[in-house]
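This briefing is meant to be read beside the sequence and the coordinates.

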Amino acid sequence: VQLQASGGGLVQAGGSLRLSCAASGRTFSSMGWFRQAPGKEREFVAGITWGDGITKYADFVKGRFTLSGDSARNTVNLQMSSLKPEDTAVYYCVGDNKWSSRVPTVWDYWGQGTQVTVSS
């Protein structure tokens with residue numbers, strides 16, 4: 001099972017980036033994104049359970065980030081706008097067959113991470 005994330009990079013504050021993730025090896029009923037900044041714990045960014053179509057967002061990204069995807073293709077994307085320096089982190093794609101959760105230990109499958117750096 002693999003979760004391959006791409007799209008990270010360096011962007012100026014106020015800019016945008018789009019992260020993409022493709023899963024292979026199995027299908028997931030929920031997919032999402034976490035992030036981890038240096039010296040900080042891993043935190044939930046956004047997640048969706050395909051069956052109910054409900055997307056959850058962390059409070060700190062509401063109105064700036066949009067999660068989308070395709071359950072049939074096992075892909076999930078994260079469109080990030082109005083980026084801030086505090087959004088700098090490694091972003092991880094996650095997948096599981098439980099309900100989407102803000103708790104990282106609930107998710108069994110993790111991608112390798114993609115670095116997002118926002119300069120001020």
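D96 and K98 form a salt bridge in which the closest N and O atoms are 2.8 Å apart. The model is a predicted one, and a search of the whole structure finds seven salt bridges in it.

- K98, with a relative accessibility of 36%, counts as partly exposed.
- K98 also forms a salt bridge with D108, and here the closest N and O atoms are 3.3 Å apart.
- This second pair links distant parts of the chain, for although D108 and K98 are both in the loop between β9 and β10 (109-110), they are 10 residues apart.
- D108 is exposed, its relative accessible area being 52%.

- The side chains of R64 and D87 are joined by a polar contact of 2.7 Å.
- When residues up to four places away in sequence are not counted, R64 touches Q79, M80, S81, S82, L83, K84 and D87.

**The nonpolar core**

- The largest nonpolar core has 33 residues, and those with the most contacts inside it are M31, W33, L78, M80 and Y91.
- At least two residues of this core are supplied by each of the strands β1 (2-6), β3 (17-24), β4 (30-36), β5 (43-49), β7 (65-70), β8 (75-80), β9 (89-96) and β11 (114-119).
- L78, one of the residues with the most contacts inside the core, is in contact with L17, R18, L19, W33, V45, A46, F65, T66, L67 and Y91, leaving aside its neighbours within four places in sequence.

**The disulfide**

- The count of disulfides comes to one, and this bond joins C21 to C93 with an S to S distance of 2.0 Å.
- Because C21 lies in strand β3 and C93 in strand β9, the pair ties together parts that are 72 residues apart in sequence.
- The torsion about the S-S bond of C21 and C93 is about -80°, so the disulfide is left-handed.
- Both cysteines, C21 and C93, are buried.

- β7 and β8 pair in the antiparallel sense, and the pairing runs over six bridges.
- Across this pairing, F65 stands opposite M80, which belongs to β8; M80 is also among the residues with the most contacts inside the largest nonpolar core.
- The two strands form a hairpin with four residues between them, and N74 in the turn has a positive phi of about 60°.
- R73 forms a salt bridge with D70, the closest N and O atoms being 3.8 Å apart.
- In this pair R73, at 65% relative accessibility, counts as exposed, whereas D70, at 28% relative accessibility, counts as partly exposed.

Technical notes: Residues numbered from 1 in each chain as written. Predicted model: local features only at pLDDT ≥ 70, side-chain atom pairs only at ≥ 80, totals over all residues. Heavy atoms only, no water. Core = buried A, V, L, I, M, F, W, Y, C linked by side-chain atoms within 4.5 Å. Buried < 20%, exposed > 50% of the residue type's maximum accessible area, 1.4 Å probe, protein only. Contact = heavy atoms within 4.5 Å. Disulfide = S-S within 2.5 Å. Pairing = 2+ DSSP bridges. Salt bridge = Lys/Arg side-chain N within 4 Å of Asp/Glu carboxyl O. Polar contact = N/O pair within 3.5 Å; in protein donor to acceptor, adjacent residues only side chain to side chain.
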